[in-house]
Amino acid sequence: MEINDENSASTFTPFNTSSALLKVRAAENAWNSKKPEAISHAYSENSVWRTRSQVIHGREEIITYLTKKWQKELDYRLIKELWSFSGNRIAVRFACEYRTQDNQWFRAHGNENWEFDGFGLMQKRFACINDLPIKEEARLLVWDGDKRPKDFPSLSELGL
């Protein structure tokens, strides 16, 4: 199915397969843009995240968290894959690759559970993430630009 993320913020609940896929790809594209301010607008004003050992409240904290994240996680690339959805909730699995300032590459694997408000904004995000060091030549998430090309393999196709 072709995914078009135009106007994805207006994807309201309850989700169907098409709208859930659209929402996941839009989130992936947004995070790959690495623009914290723009990304924050996909979340409700009072959004709550649990990510690793942190709890993040609201857009301002989201912006601060993402800004610091991408200061440390260089050459970041992310793929998200729809796992399940029901009503106003979506579950995804993901993998991302990045390097640190000392040129150590990592691949992070994880799962996220999302809950949306009636306007299609994410109000809750619960993430479980594991970071594994990899060698540069083991990277799989390699493409030009900020968006994963439509013909680039999915996580499942990459064996991740």
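A: The largest cavity has a volume of about 100 Å³ in this predicted model. The structure holds 1 cavity of 30 Å³ or more. Rolling a probe the size of a water molecule over the atoms is what shows where empty space is left.

The lining of the largest cavity is made up of 17 residues. Those nearest its centre are Trp31, Lys69, Tyr76, Phe94 and Ile129. Five elements are named as giving two or more residues to this lining: helix H3 (58–72), S3, strand S4 (89–99), strand S5 (105–116) and strand S6 (122–134). By residue type, the lining divides into 9 nonpolar, 1 polar and 7 charged residues.

Now to the backbone angles. Most residues other than glycine have a negative phi. Asp75 is not a glycine, yet its phi is positive, at about 55 degrees. Asp75 belongs to strand S3, which covers residues 74–86, and S3 is one of the elements that give two or more residues to the lining of the largest cavity. The relative accessible area of Asp75 is 40%, so Asp75 is partly exposed: buried would need under 20%, and exposed over 50%.

Lys34 is also a residue other than glycine with a positive phi, of about 55 degrees. Lys34 sits in the loop that joins helix H1 (17–33) to helix H2 (36–40). Because its relative accessibility is 25%, Lys34 counts as partly exposed.

Notes: Residues numbered from 1 in each chain as written. Predicted model: local features only at pLDDT ≥ 70, side-chain atom pairs only at ≥ 80, totals over all residues. Heavy atoms only, no water. Helix = DSSP H or I, 4+ residues; strand = E, 2+ residues; numbered from the N terminus. Buried < 20%, exposed > 50% of the residue type's maximum accessible area, 1.4 Å probe, protein only. 1 Å grid on protein atoms, 1.4 Å probe; cavity = no way out; pocket = protein on both sides within 12 Å on 5 of 7 lines; lining within 4 Å. Points joined across faces, edges and corners; volume = space filled by probe spheres on them. Nonpolar A, V, L, I, M, F, W, Y, C, P; charged D, E, K, R; others polar.
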